[in-house]
Structure formats: structure tokens, C-alpha cells
Amino acid sequence: MNELLTDREKDLIILVASGKTNYEIAENLNISYGTVKKLLRKLFKIFNVQNRTQLVFATLKLLSIEYK
């Protein structure tokens, strides 16, 4: 996953997993709401998922494979 994602994308996924809204993520990362949505769409495409829950699950699944 380290090669697949930028630090910003990793931070965004952590915030999504912690239940933050897009507005809260934007504020926390000091980026615009639109940028959050753009990054999420990019991540959905990378992981071939359709929503935030699936994104978190796919990320956790990848991490469990990577660290075995």
C-alpha cells in the first residue's frame, strides 16, 4: 500500500475510518471540501469500491495481506 497511496490519501482513509465527515476531513487536512471528494473518488477507483465503508474494508484487507 505504501507505493499505492500518497501520505495525504493515507491520512484521508484514516479519517474516513474514524467516522469523520467530508467537511471534518477537509478541515483536519486543511484542504477544500471539493478536494476531499476528488480524493475519495480517486480512492474508490483505485480500490474498485463504491462507498466509504467498502474503502475502509478494502484498505484493512490490503494491510492484513501486506503485513502477514
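1. Helices here are DSSP runs of H or I with at least four residues, strands are runs of E with at least two, and both are numbered from the N terminus. Y23 sits in helix α2. E24 belongs to helix α2 as well.

2. The model is predicted: local features need pLDDT of at least 70, side-chain atom pairs count only at pLDDT 80 or more, and totals for chains, interfaces and linings use all residues. Residue numbers run from 1 along each chain as its sequence is written, and side-chain values use heavy atoms, with hydrogens and water left out.

3. Consider the packing of α2 on α3. The axes of α2 (residues 22–29) and α3 (residues 33–47) come within 8 Å and cross at roughly 105 degrees. Axes are lines fitted to C-alpha atoms, for helices over the stretch in contact, with angles from 0 to 180 degrees between N-to-C directions. The two helices are therefore roughly perpendicular. That label covers 65 to 115 degrees; under 35 is roughly parallel, over 145 roughly antiparallel, and the rest oblique.

4. Which residues of α2 and α3 meet? From α2 come N22, Y23, I25 and A26; from α3 come Y33, V36, K37 and L40. Contact means heavy atoms within 4.5 Å. By class, this contact has six nonpolar residues, one polar and one charged. Nonpolar covers Ala, Val, Leu, Ile, Met, Phe, Trp, Tyr, Cys and Pro; charged covers Asp, Glu, Lys and Arg; the others, Gly among them, are polar.

5. Y23 is exposed, at 58% relative accessible area. E24 is partly exposed, at 40%. The cut-offs are under 20% for buried and over 50% for exposed, with partly exposed in between (1.4 Å probe, protein chains only). The C-alpha atoms of Y23 and Y33 are 5.8 Å apart, at a separation of 10 residues along the chain. For E24 and K10, 14 residues apart along the chain, the C-alpha separation is 16 Å.

6. Helix α3 has two faces to inspect. Its buried residues are V36, L39, L40, L43, F44 and F47. Turned away from the buried side are the exposed residues K38, R41 and K45. After α3 comes N48, with a positive phi near 55 degrees.

7. Neighbours within four places in sequence aside, E9 contacts L4, L39, K42 and L43.
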